[in-house]
Structures are given as C-alpha cells and as structure tokens.
Number of protein chains: 2
Amino acid sequence: MHQDHVSLATGQRSLGDPAIAYPLRPPLTRGCPRTSTGRIAYPVEVDYAYDRVPAGLFDQPPGPDIARWAPLLPPLSAPTLGEGGTPLLEACGVLVKDESRNPTWSHKDRLNRVTVSAALAEGAPGVVVASSGNHGASAAAYAARAGLPAIVLASAGSPPAVQSFVRAYGAAVFSVPVERRWPLMTEIVDRLGYHPVSNQTVTHTGHPYGPEGYKTIEYELFVQLGRAPAAVFAPTGYAELLYGVWKGFAELRRLGVAGTAPRMFSCEPAAGGPHARAVATGAPAAIVEVGPTDAYGIACPAGGHRGVRAVTDSGGGTVLVTDEELRAAQRDLGREGLWQELSGAAGLAGYRKLGAAFDGPVVCVGTSSGFKDVGVGSAEIAEATTFDEVVANLPAGS
Amino acid sequence: MHQDHVSLATGQRSLGDPAIAYPLRPPLTRGCPRTSTGRIAYPVEVDYAYDRVPAGLFDQPPGPDIARWAPLLPPLSAPTLGEGGTPLLEACGVLVKDESRNPTWSHKDRLNRVTVSAALAEGAPGVVVASSGNHGASAAAYAARAGLPAIVLASAGSPPAVQSFVRAYGAAVFSVPVERRWPLMTEIVDRLGYHPVSNQTVTHTGHPYGPEGYKTIEYELFVQLGRAPAAVFAPTGYAELLYGVWKGFAELRRLGVAGTAPRMFSCEPAAGGPHARAVATGAPAAIVEVGPTDAYGIACPAGGHRGVRAVTDSGGGTVLVTDEELRAAQRDLGREGLWQELSGAAGLAGYRKLGAAFDGPVVCVGTSSGFKDVGVGSAEIAEATTFDEVVANLPAGS
C-alpha cells in the first residue's frame with residue numbers, strides 16, 4: 001500500500017461555473033449555492049494540488065483499500081472494509097470490471113468510504129441515506145465500521161432480500177413512502193445533525209465527495225490495462241459512477257500519466273433515462289418520468305449535471321436499454337461465470353445496443369451481485385430422482 | 001502475478017497410509033482404494049516437488065487469481081474468475097479473512113478453480129456436483145467459464161435465493177431427494193463420464209485436488225500478516241477448508257518460509273459435528289445424525305479424515321456452536337460492517353465459545369456472504385412518514 005496517505009484535496013469547485021471555488025469543508029451536500037436554481041442544481045467537485053502528486057502513485061498494484069490512492073482523495077477518516085482492487089475479466093467480448101467483489105458486493109463501497117469519512121470529519125453524530133438498495137446497505141456498513149449510527153430511508157418496493165441486507169449492518173431502517181423520503185432526510189439532517197450521504201436537490205448533486213471514490217476504478221483500470229480503455233460503459237442512475245470514472249481519467253491525462261482518454265457511455269433503463277434526455281436536448285440536467293423496470297438500482301427520475309459532463313466532455317454518448325436487453329446481458333454474463341444484478345448488466349447491454357467499434361479495450365462496469373435482484377428467490381427447479389429424468393432435462397449440447 | 005505457472009504436482013498420496021502413492025492422474029475422486037473400507041474412506045492428497053519451489057514465491061502481494069501460486073497447485077487448466085486475494089480485516093477482536101469477496105462470494109471458488117481444471121484435464125464432457133448452496137453455484141460458475149456443462153443436484157430445502165444463484169450460471173439444476181443425491185451422482189459419473197466435484201464415499205473424501213485450492217488462503221494469510229497466525233478458526237462442514245489451510249501452513253514450514261504453525265480449530269454446528277465426534281472418540285472419521293440448524297452450509301452428517309488430521313496434527317481442537325451463538329457472531333460482525341452467512345460466522349462463534357488465549361494473531365475465516373442465508377428476505381422494516389416516527393424508533397445511543 002502506498003505510504004503517503006495525506007490527501008492533497010484543496011477545496012471544492014462548482015460544476016456550474018469553474019471560476020467559483022469553495023473551501024474543502026464543509027462538504028456542500030446541497031450543491032453549489034451560487035449557480036443552482038429552483039430547476040437545476042449544480043454539484044461541486046473536489047480540487048487537488050496536482051503538482052504535488054507523489055511519483056510512482058500509479059506504479060503500485062491494485063488491491064483492497066482505496067487508501068493507496070489517498071493523495072487524490074478527500075481525507076479518509078473512516079476505516080476501510082477493504083473496498084476496491086476488483087478484478088477485470090474478459091466476458092462476452094468486453095472487459096468487465098467486477099464491482100460485485102467489493103465489501104458489500106457493489107461499487108457503492110468506494111463512494112461510502114469517502115462520504116462516511118466526511119461525516120466523521122464534520123463531527124456528525126450519524127449518517128442518513130435515502131436508498132432502497134446497494135447505497136443504503138453500503139452506507140450502513142461503513143457507518144457501522146466507523147462507529148456511527150445510520151438511518152436508512154428505504155422504499156417499500158425494494159426486494160425482500162435487499163431489505164435483509166440493509167438491516168444486517170445495524171442501521172435504523174425505515175420504509176418510507178417515496179414522496180416523503182427526501183423531505184424526511186432533510187429534516188433529519190437539519191434537526192439531528194446527521195450527515196447526508198445521498199441527494200437533497202432538485203436535480204441530482206448527491207455528496208460532493210462521493211464521485212471521488214469512483215475515480216479509483218479508473219486508477220485501477222489504468223494499472224490493470226497499462227493504458228486507458230477506449231470506451232467505458234457504465235450502468236447509470238445518478239451518474240456519480242460515470243462522472244467519477246471520467247474524472248479519474250481526466251486526472252491521469254492532466255498528470256501526464258495517460259495519453260488517451262476513454263469515451264464514456266451512460267447506460268440507462270429505457271423506462272427512464274434523464275441523462276439521455278438531457279444530452280439530447282442540450283440541457284444541463286433533466287428530470288423524467290420513470291416507467292416500469294426491474295432495474296431498480298438505476299431507475300432514477302432526476303438526473304444530474306455530472307453525467308452530462310462525463311458524456312459530452314469525453315465524446316461519449318447515452319444509451320437506453322430495455323429490461324429485455326438487460327436480461328439478455330445478465331444471462332450471457334452468467335453463462336461466462338459472472339452473476340450481475342440486472343442493473344449491473346447495463347454496461348454490457350449498452351455496449352451491445354450501441355453496436356459501435358472502438359480502437360482499443362472496451363470496459364463495462366459490472367456494478368453489483370445478482371443476489372440483489374427483484375426476481376431472486378423465484379426460480380423454479382425441476383425435480384428428479386432418476387438418471388433418466390436428469391438426462392431428459394439436460395439442455396441441448398450438454 | 002508470478003510468471004512461473006508450471007505446477008510442481010508429482011502425484012497423489014494416501015492419507016490412510018503415507019507410504020501409498022499414486023500417479024497424479026486420474027484424480028482419485030473416490031478416495032484411496034487401498035486403505036478405504038466400507039465404513040471409513042480415506043482421501044488422497046497431492047504431492048509436489050518441494051525442492052523446486054521458485055525463490056520469491058511468497059514475496060509477491062496477494063491478489064485475484066490463484067495462478068500466482070501455480071507451482072504448489074495442481075495444473076490450472078480452467079480459466080480464472082479472479083478468485084482469491086481477499087482482504088484480512090479486524091473485527092470483533094479477531095482477524096477475519098473475508099472470503100465473501102470471491103467471484104461467487106464464497107471460499108468455494110478457490111476449490112472449484114482447481115476441480116474444474118481437473119475435469120478439463122481429464123477430458124470430461126461435464127461436471128456434476130451434489131450441493132444445495134455455495135459449492136454448487138461455484139462449480140456451475142467455473143464450469144460455465146470453462147465452457148463445460150454442469151449438472152447440480154440440489155435439495156429442495158435450500159433457500160430460494162440460493163436456488164436462483166445456482167441457476168444463474170446456466171447449469172442444469174435438479175431438486176433431488178437427499179437420499180437419491182449421491183447414488184444419482186455416481187450414475188451420472190459412470191454413465192455420462194461427467195467429472196464429480198463433490199463427494200462419493202461413505203465418510204467424506206470429496207475431490208482429491210479440492211483442498212489444494214484452499215491452501216492459497218494460508219499463503220495469503222502468511223503474506224498479509226508477515227507470519228503464520230497463532231490460531232485459525234474455520235467454519236467446518238466436510239473440513240476441506242480446514243485441511244487445506246493447514247496443509248498450506250505445513251508446506252510453508254517444510255519450505256522454511258514460516259517458523260511457527262497455527263493451531264487449527266474446526267467450528268461445527270452443535271446440531272451435528274462429525275469431526276468433534278471423531279476427535280473425541282479417536283476415530284479416523286465419524287458419521288453423526290444432524291438435528292435442526294439454519295447453518296445449512298456446514299450441517300454435514302458425514303465427516304472426513306482430513307478434518308481429524310488438521311485438528312490433531314496442528315494441536316488444535318474442535319468446537320461445537322449453537323445456532324444462537326452463530327446468530328450472535330453474525331450480528332456482531334454485521335455491526336462492524338461484515339455481513340456473513342450464518343455458517344460463515346462459525347469461526348468467530350467458535351473462537352468465542354472456546355474462550356482460549358493465543359500468543360499471536362487469531363484468524364477466523366469468514367466463508368460467505370449473508371445473502372445466502374435461510375432467513376434472508378423475511379426482515380420486517382418499520383414504516384415511517386414523519387420525523388417523530390423516525391426518532392421514536394432509533395436504537396438507544398443513536
């Protein structure tokens with residue numbers, strides 16, 4: 001592990017106007033106050049003293065604990081659960097970054113190490129998160145690890161297995177009607193002083209430090225490939241992942257470590273797709289209605305400006321994928337030994353849907369384990385007691 | 001990754017009589033034919049040319065893909081899913097080796113990389129496994145990865161989520177009455193030529209190469225700690241894990257890499273416990289009746305000689321833990337950010353039950369993710385719409 005654990009973070013900068021800078025603390029968890037309006041909220045991001053990045057930072061092997069990238073992260077006060085260091089595996093003609101290998105089996109752990117660290121640094125008495133799935137469980141796990149109480153505001157619609165998951169870490173979990181989740185979170189923040197690790201604004205801004213954790217995916221990809229990929233396809237809900245990976249690359253280019261940049265592709269459920277809408281209309285962010293989809297982890301009505309920036313700045317694009325396309329991608333990944341959540345297969349589904357050729361490695365981020373899906377637990381298994389019954393039911397080609 | 005991927009495996013040796021040696025192939029999947037009787041089956045293990053182990057093998061960092069330890073493993077013909085390289089985390093006063101971070105979220109992946117490799121090497125047209133849980137899913141995943149069909153003989157009693165898990169990898173999965181599982185597997189082996197990656201003998205012998213995969217846990221522990229631990233507590237069903245970890249250490253001592261050895265403790269459900277019975281009675285292996293327990297992953301009536309050898313050769317012991325003790329350990333690990341399957345918490349439960357002091361690091365192997373538990377999906381979540389309802393239901397101390 002890299003020994004220089006001192007963060008080089010220097011402040012916060014508006015994504016609404018890069019001329020507007022703020023001190024590093026407190027984290028602006030309600031976006032940039034000067035550029036945000038009642039209809040569009042702009043997030044801030046973290047600035048660093050890039051001229052002081054230690055030589056050899058990108059020569060180390062990837063492995064658990066993102067503290068190895070500490071110079072380019074906000075201060076990591078919260079203890080690790082061994083997040084990161086996930087393998088990059090060939091499957092279905094692309095490279096899959098298997099984020100189901102994180103401590104709570106999704107990419108969200110990279111974000112929550114950083115956001116729970118911010119809660120500790122601010123002296124908050126606890127953290128609060130509105131999430132029905134991976135983000136809530138991950139926040140609860142990192143809060144528990146740090147000795148902080150956590151409140152998770154879940155919706156009644158999340159799969160039963162995921163409800164057990166969120167509860168396993170000792171958080172106070174409440175089932176809250178969806179229209180009450182954000183107001184209630186704001187009240188818990190304002191009245192209890194709990195640190196919010198999910199969004200509080202009209203279009204998504206989330207936690208300003210959150211995407212910094214996702215940058216470590218790009219650092220690992222660079223070390224694993226020995227170069228930047230040609231394209232990255234990411235399951236996209238609020239686009240914190242997409243933006244984080246993009247920012248990681250932008251830093252590598254700025255530092256002269258990498259010469260080329262990947263094109264970034266947001267892969268959203270066709271039932272919604274606020275980033276596809278925003279890019280298509282030239283808006284800084286968009287809000288859409290979301291129809292029925294089983295990809296609940298990325299079915300977000302409110303998009304954010306980060307996703308628009310990642311797509312446009314990188315020369316990438318937006319892709320909408322149907323549940324049927326997601327299921328096909330999920331099934332085919334399973335046939336090569338990788339069981340991803342339906343949302344987690346959106347990267348591959350998006351790559352296939354786009355059908356474009358790239359001059360270099362294509363990475364699809366596989367965000368999460370298949371255990372978190374809506375349909376888990378409803379599989380029907382054929383009964384057999386005799387050899388003949390087994391043979392009669394073998395798939396063709398067995 | 002270590003560049004010398006050539007296996008130094010030289011043959012198989014009986015655990016019933018170390019003077020009895022066999023060629024490396026075919027793997028003796030029905031135990032040692034010369035020492036086994038109708039009441040006790042003795043497994044064989046793999047021998048290596050230890051004098052040819054490359055210098056520096058144990059200087060490399062742990063990471064995904066156990067091929068880095070290829071010299072001390074049987075030939076790895078099957079492609080990797082990035083198994084191994086799991087973190088070692090402090091929790092509840094011990095060090096937890098978090099095996100839920102493997103490709104199918106349990107330690108079984110280390111075994112199945114090795115056993116599916118054997119199936120490929122033997123030219124088998126497929127693999128067959130009798131398992132209701134982690135082993136079946138992992139075998140299916142590695143078979144899929146290797147392009148081999150797989151048949152999984154499950155029991156109707158496994159949790160519904162786990163049934164989805166096993167099916168996700170495209171295997172042919174059948175629900176088979178428990179008394180028909182082993183006879184049916186034998187028939188599939190004999191008539192279809194499928195390679196068996198689970199047990200076929202009266203006391204457990206399993207696949208002769210299987211525990212070799214688990215040795216890599218010990219190699220990683222040695223590198224992570226810079227020494228051998230003082231004690232290892234392992235969830236124990238058939239004791240392939242316990243024996244594999246022990247053998248890994250015995251090799252490090254033989255090679256002069258480590259000077260001390262851990263004491264090995266088998267942690268079995270109090271509802272059964274064939275290894276505790278065998279050690280207590282001085283038998284080479286035992287068969288017990290298994291009463292009700294939710295720790296289905298380690299609730300095995302037939303024990304094996306490997307577990308007895310690991311415990312006695314290491315100066316360790318056997319511990320029986322109740323479901324209540326398992327639940328307490330599982331809950332407390334969750335409170336520190338680690339959600340283990342009930343069986344996966346048996347190591348910590350056993351350490352606590354024993355109550356002994358050790359002169360050095362104590363490692364509990366956390367074998368698997370909490371998603372695989374019987375009770376998953378039945379958690380009840382309190383409803384809340386107002387701030388007052390949230391506050392009234394916060395745990396004390398929040």
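The expected span of a helix is taken here as 1.5 Å times one less than its number of residues. In this model, which is predicted, helix α4 of chain B covers residues 178–192, and its 15 residues reach 21 Å from the first C-alpha to the last, close to the 21 Å expected.

Which residues of this helix are buried? With buried meaning under 20% relative accessible area, the buried residues of α4(B) are B:R181, B:L184, B:M185, B:I188 and B:V189. They lie on the same side of α4(B), because the arc they cover around the axis is only 140°.

After α4(B) comes B:G193, which has a positive phi near 75°.

We turn now to chain A. Here three strands form an open sheet in the order β2-β1-β3, with antiparallel pairing. Because β2 (21–23) and β3 (44–48) of chain A stand at the edges with a single partner strand each, one side of each has no neighbour in the sheet. On average, neighbouring strands of this sheet are turned by 40° against each other, direction ignored. Strand β1 of chain A, residues 9–14, runs antiparallel to β2(A) and is joined to β2(A) by three bridges; A:R13 has A:A21 in β2(A) as its bridge partner.

How values were computed:
Residues numbered from 1 in each chain as written. Chains lettered and ligands numbered in written order. Predicted model: local features only at pLDDT ≥ 70, side-chain atom pairs only at ≥ 80, totals over all residues. Heavy atoms only, no water. Helix = DSSP H or I, 4+ residues; strand = E, 2+ residues; numbered from the N terminus. Buried < 20%, exposed > 50% of the residue type's maximum accessible area, 1.4 Å probe, protein only. Arc of directions from axis to C-beta. Pairing = 2+ DSSP bridges. Axes fitted to C-alpha atoms, helices over the stretch in contact; angles between N-to-C directions.
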